[in-house]
Structures are given as C-alpha cells and as structure tokens.
Amino acid sequence: MTGEKNLNTLLKNIKPELNAGEYVFCSVNDITRINFEDIILLFKETEGTTVILKKEVADRLKLGYSFVASWITLTVHSSLDAIGLTYSFSKALAAENISCNVVAGYYHDHIFVDVKDAGKTMIALNKLSEI
C-alpha cells in the first residue's frame, strides 16, 4: 500500500497522536547493552550511533542526553516522496516558537518536541487539518 502524496489530503488527515512517556536522544558507541525492543530509532552516524529511547530506559542504562522530548505521530499514511508535509508542519511549529526533530518512518512521520511544548504542538498540528 502506497502512502498519500497530495498535500491537501495529507493536511486534512494529519491526525496527530501524542505517545505516552518521555523520550531522549542518546549517542552510543556500543548498542549491545541496549535491548532491541527498547529502541525507538537507531541511526548510524560517523560520531556514534544515535538511539531514541524512553527516558527511563536511558536513565537505567546511565546514558547521557541533553533533550527530553514528547513523541507525536502523524497518523496519516504519508508517502516517503510526498512534497510539502514536513515544510507545512515545521512552518506551523516555528510560528509557535516550537523546535521539532522529525523522523520519517515507512508509514508515518514522527515529531519529537520539548516536553513543555507537547500541548502547544498538538494544538498547532490540529489547526493544520482545519485549513
């Protein structure tokens, strides 16, 4: 099943969902200490491997982090080659002075924002479907 490409359809059906919990980005050189089931995202970079984990998992493993985030999933099934969705929601969030870190999954886009901004982010994203 292919994802949606039409920007107007994507925005009308954006339907953000706030996932429970707090999440952190960590950089590790050895991922063998981390249970694969605990990893939300794994991305290899030159400097180390970035992992997104629940904060409680990172704390238990004594992993360092500098940003505690809420995780919001856009439940619309967007195509990986859709044009304008990331621009549209990042522009809306920037207008509200909200920083976002975006991960594109096969089916959905995922946005990580400062925990203090989760409520404001949900309001801003829901407004996009009203345009």
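What percentage of the 131 residues in the chain is buried? In this predicted model, buried residues make up 39% of the chain.

The chain contains four helices and six strands. Read from the N terminus, its elements follow the order α-β-β-β-α-β-α-β-β-α. The radius of gyration is 15 Å, close to the 14 Å that the globule rule gives for 131 residues, so the chain is as compact as a globular protein of that length.

The table gathers some values for the whole chain.

| Property of the chain | Value |
|---|---|
| Span of the C-alpha trace along the principal axes | about 45 × 35 × 25 Å |
| Accessible surface | about 7900 Å² |
| Part of the accessible surface belonging to carbon and sulfur atoms | 53% |
| Contacts joining residues at least 24 apart, among those between residues at least 6 apart in sequence | 73% |

The six strands form an open sheet with antiparallel pairing, in the order 2-3-1-4-6-5. Strand 2 (39-44) and strand 5 (100-104) stand at the edges; each has a single partner strand, so one side of each is left without a neighbour in the sheet. On average, neighbouring strands of this sheet are turned by 30° against each other, direction ignored.

In general, strands of a sheet pair through backbone hydrogen bonds. Here, strand 1 (residues 16-28) and strand 4 (residues 68-74) run antiparallel and are joined by six bridges. Within this pairing, Leu 18 stands opposite Ile 72 in strand 4. Helix 3 (residues 85-95) packs on the sheet, where it touches strand 4, strand 5 and strand 6 (109-114). The direction of helix 3 makes about 20° with that of strand 6.

Notes. Residues numbered from 1 in each chain as written. Predicted model: local features only at pLDDT ≥ 70, side-chain atom pairs only at ≥ 80, totals over all residues. Heavy atoms only, no water. Pairing = 2+ DSSP bridges. Helix = DSSP H or I, 4+ residues; strand = E, 2+ residues; numbered from the N terminus. Axes fitted to C-alpha atoms, helices over the stretch in contact; angles between N-to-C directions. Contact = heavy atoms within 4.5 Å. Rg over C-alpha atoms; globule rule 2.2 N^0.38 Å. Buried < 20%, exposed > 50% of the residue type's maximum accessible area, 1.4 Å probe, protein only. Areas by Shrake-Rupley, 256 points an atom, 1.4 Å probe, with all protein chains shown as cover.
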